[in-house]
Amino acid sequence: MSNARLSPSRVAIVTIGRNEGPRLKACLESVIDSGCRVIYVDSGSSDGSIDLAAPLVDQVLQLDAAQPFSAARARNEGFAAAVAAAPHLEFVQFLDGDCTLIAGWMARAQQAMDEDPARAIVTGPLQERHPEASVYNRMCALEWKSPPGDLVNFGSLGGIMLVRAEVFAKLRGFDEQVIAGEDSELGVRVAAAGFKVTKIAQPMAVHDADIRRFGQWWKRAVRAGHAIGQRFSLHGRSAARDCARERRSALLWGAGLPATILLLAPVSHGLSFLLAGGYLVLGQRIVRYRLGEGDEPRDARLYARFVVIAKFAEALGLLRFHLNHMAGKFRIIEYK
């Protein structure tokens, strides 16, 4: 395993970004010596990202602002450019502009692909750069934790991944209408097509969330709710039952229970507010689960607290998805 060697001619790297500033420079510098063709796709940055990237990559693409921006669209256009430059390309590594790739990842991920032709996506552990900087960064670090193995639940699949080019092209890449959770949605289709999504133990990348304010975290949670709604609309009623449980939970805890408490308050003389104790029960369940996953008690309590609060944001995200769906327009939800 330790003797894995990268074959740059087989792999291209597609990095996407929007106003990432210094983080983009660090991202591109982390792959500059890989020997792979590197393509940067920019989604309307106004901070000089394009000029910064140009000397560090082989190709810069600027998305046409006439069409809505999305991470899915950026990755797809980067993939198309990579294949156009090298039609026999075997793999593409997707990387976000707020991440740096860890040395050794590319070679080991390529080896994992070679070990099993049924693998269409290989991913690995993501580390948070500054988990101590804020409770929100710490939450991100806790979210990244999941065991290695072949995935059956794709909620933990993020946009940083090595993909098998042939399978990605066959499935027509990311769904560009999916403005959040597009990576997990792709995982569902990959599995439905008979291929594997595998998380290996090799450290993959360092992520820089840089979330310092509650408002940023709240918007991120609303975005997650939108993703739950959109993924359920696509695959929730299929055999995959994608996001069926998450949608039910957001509706119950984020909308159903609060509405019940308020509606019953007049006739119950306020006793209905005792039902809010259900959130304490939910929090304790989450704490026990996270302790079983190996979290420290302090981290388990932090995680539980924010997961409970996130139910309300996710319910708003579900509502936002349905409004967007009725309007037929989906635009990215930015939280930075």
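Predicted model: local features only at pLDDT ≥ 70, side-chain atom pairs only at ≥ 80, totals over all residues.
Residues are numbered from 1 along each chain as its sequence is written, and side-chain values use heavy atoms, without hydrogens and water. Local features need pLDDT of at least 70, side-chain atom pairs count only at pLDDT 80 or more, and totals for chains, interfaces and linings use all residues.

Start with the cysteines. The structure holds 0 disulfides, a disulfide being a pair of cysteine sulfur atoms within 2.5 Å. Cys36 is buried, at 7% relative accessible area; buried means under 20%, exposed over 50% and partly exposed in between (1.4 Å probe, protein chains only).

Next, select Tyr136 and Phe306. Their ring centres are 5.8 Å apart and their planes at 85 degrees, so the pair is edge-to-face. Rings of Phe, Tyr and Trp (its six-membered ring) pair if their centres lie within 6.5 Å; planes under 30 degrees apart count as stacked, over 60 as edge-to-face and the rest as tilted. Both Tyr136 and Phe306 are buried.

Move to Tyr279 and Phe312, a tilted pair with 5.5 Å between centres and 40 degrees between planes. Tyr279 is buried at 14% relative accessibility, whereas Phe312 is partly exposed at 31%.

Finish with Arg290, which lies over the face of Tyr303, 4.0 Å from the ring centre. Such a charge (NZ of Lys or CZ of Arg) must be within 6 Å of the ring centre and within 35 degrees of the ring normal.
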